Amino acid sequence: MRNIKLHAMVLVLVIIAEFIGPFKTQVGVGTIVLLPMLYALILGILLTPKFAKIANEKDMEDAGSLIGVTLMLLMAKYGTTIGPSIPVIIKSSPALILQELGNIGTVLLGVPIAVLFGLKRESIGAAHSIAREPNVALIGERFGLDSPEGEGVLGVYIIGTVFGTIFIGILASVLAAYTPFHPYALAMASGVGSASMMTASVGSLSEMFPQMATELQAFGASSNLLSGLDGIYMSIWIALPLAEWLYKKVYRMKYGADPIRENNIEEDRK
Amino acid sequence: MKLKDSLIILLITAFMTLVGNLVGPKISPIEALPGILILVAVSFIGIALAKVVPIKIPSVAYIVTLATIMTIPGFPFSAQISELTGKVDFLALTTPILAYAGIYTGKNLDGLKKTGWKIAIVALFVMLGTYIGSALIAQVILKIIKVI
């Protein structure tokens, strides 16, 4: 809590990151934006024992326990962008609510790729959702985290934690620059159930379309709140059954046989 | 975490944000101070409410709801609150948070080795799938209801 060294490191990171400022680069017809928050994230990782060894175990642990509280300020700021945008949010609510169904895109794209790479039951844990905390809890409860499904969900969880913010931030910027997607639609898609991923995506978009910044932030925040509310039910009732079903289909296509569940009782009897 | 500790962390983050605001978007700390204090107050009230109210509602819900209601057009002082909090740059607010997150992420690097490259590639497609799936649906519905 009173880890002055940690706060001093963060202050230096903030100053460096803000000093560099947003980096915009013209690639072909579109602009890609890299934001100070991404530099702060990467520089933060570079301070840890694997690299510069400036931050130690205790610093990393303290930082982890602080993130929850620091995020609250951002959430308050999001609230102040939702208020003035309430009229446009109400007008757009059908889109906001229905876009949640887009999360099954995860299953449709993720499961076949996972099976193609030779993953077995790991595919279901890995590709049933974007694997944030509630989904890790769900898979843990249903299959156990030491199961293949558990290994899958934890793998995606960790990759998402380390690279998700960077990946989604750049993805938003690339899609806005090169596809006909409207910034509003991309802002709504940003609410994947992770505040930092949503912020990276909305941040890139508001840097590219400053005149729409308030609406973009409001759409992202509302969509993320919705994901928090209904995301887990989406996973239980729609995404997980769909992942099971698709897994069997793709498995049969690739291996020409039905998947055999390890530890299957019937299998043991043979 | 004790309420007092939460308040201290909120104030530290607020200070970092003011510095970031000054270095990056060049907004003077004096100009941004009232806005950031409003955000600190709202956050603190939300954290306190979550502790006091017996029904388990996460503090994030209180904070977002409170901040939203305060800025809905027509609410007393909503225009002033919007104006003041508008001085706090949204991106400058994210920089300190992600700096803490970066340092914390160092802890997860060991886990990466275990998961292997296959899961890493699957993870990228998982994120891609969620994002594009949602964007497609949002785009179509927004077109149908003529918002865009």
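**Exercise 1. Determine which residues A:Asn135 is in contact with, leaving aside its neighbours within four places in sequence.**

Solution. Taking contact to mean heavy atoms within 4.5 Å, one finds that A:Asn135 meets A:His128, A:Ser129, A:Val153, A:Ile232 and A:Ser235. The residue itself lies in helix H7 of chain A, residues 133–143, where helices (H or I, at least four residues) are DSSP runs numbered from the N terminus. Because its relative accessibility is 8%, A:Asn135 counts as buried, a term that means under 20% relative accessible area, with exposed over 50% and partly exposed in between (1.4 Å probe, protein chains only).

This is a predicted model, in which local features need pLDDT of at least 70 and side-chain atom pairs count only at pLDDT 80 or more, while totals for chains, interfaces and linings use all residues. Residues are numbered from 1 along each chain as its sequence is written, chains are lettered from A and ligands numbered from 1 in the order in which they are written, and side-chain values use heavy atoms, with hydrogens and water left out.

**Exercise 2. Describe how H1(B) and H2(B) pack, and with which residues by class.**

Solution. First, take the geometry: helix H1 (residues 3–23) and helix H2 (residues 29–52) of chain B pack at an angle of about 155 degrees, with their axes 10 Å apart; axes are lines fitted to C-alpha atoms over the stretch in contact, and angles run from 0 to 180 degrees between N-to-C directions. The pair is therefore roughly antiparallel, the word used for angles over 145 degrees. Next, turn to the residues: among those of H1(B) in the contact are B:Leu3, B:Leu10 and B:Asn21, and H2(B) contributes residues including B:Pro29, B:Phe44 and B:Lys51. By class, the contact has 15 nonpolar, 4 polar and 1 charged residues, where Ala, Val, Leu, Ile, Met, Phe, Trp, Tyr, Cys and Pro count as nonpolar, Asp, Glu, Lys and Arg as charged, and the others, Gly among them, as polar.

**Exercise 3. Locate A:Lys53 and state whether this residue is buried or exposed.**

Solution. A:Lys53 is found in the loop between helix H2 (36–47) and helix H3 (57–91) of chain A. Its phi is near 60 degrees, a positive value in a residue other than glycine. With 60% relative accessibility, A:Lys53 counts as exposed.

**Exercise 4. Find which residues B:Tyr131 touches, not counting residues up to four places away in sequence.**

Solution. B:Tyr131 touches residues of chain A, including A:Ile168, A:Leu186, A:Ser201 and A:Leu205.

Methods: Helices (H or I, at least four residues) and strands (E, at least two) are DSSP runs, numbered from the N terminus. Angles under 35 degrees count as roughly parallel, over 145 as roughly antiparallel, 65 to 115 as roughly perpendicular and the rest as oblique.
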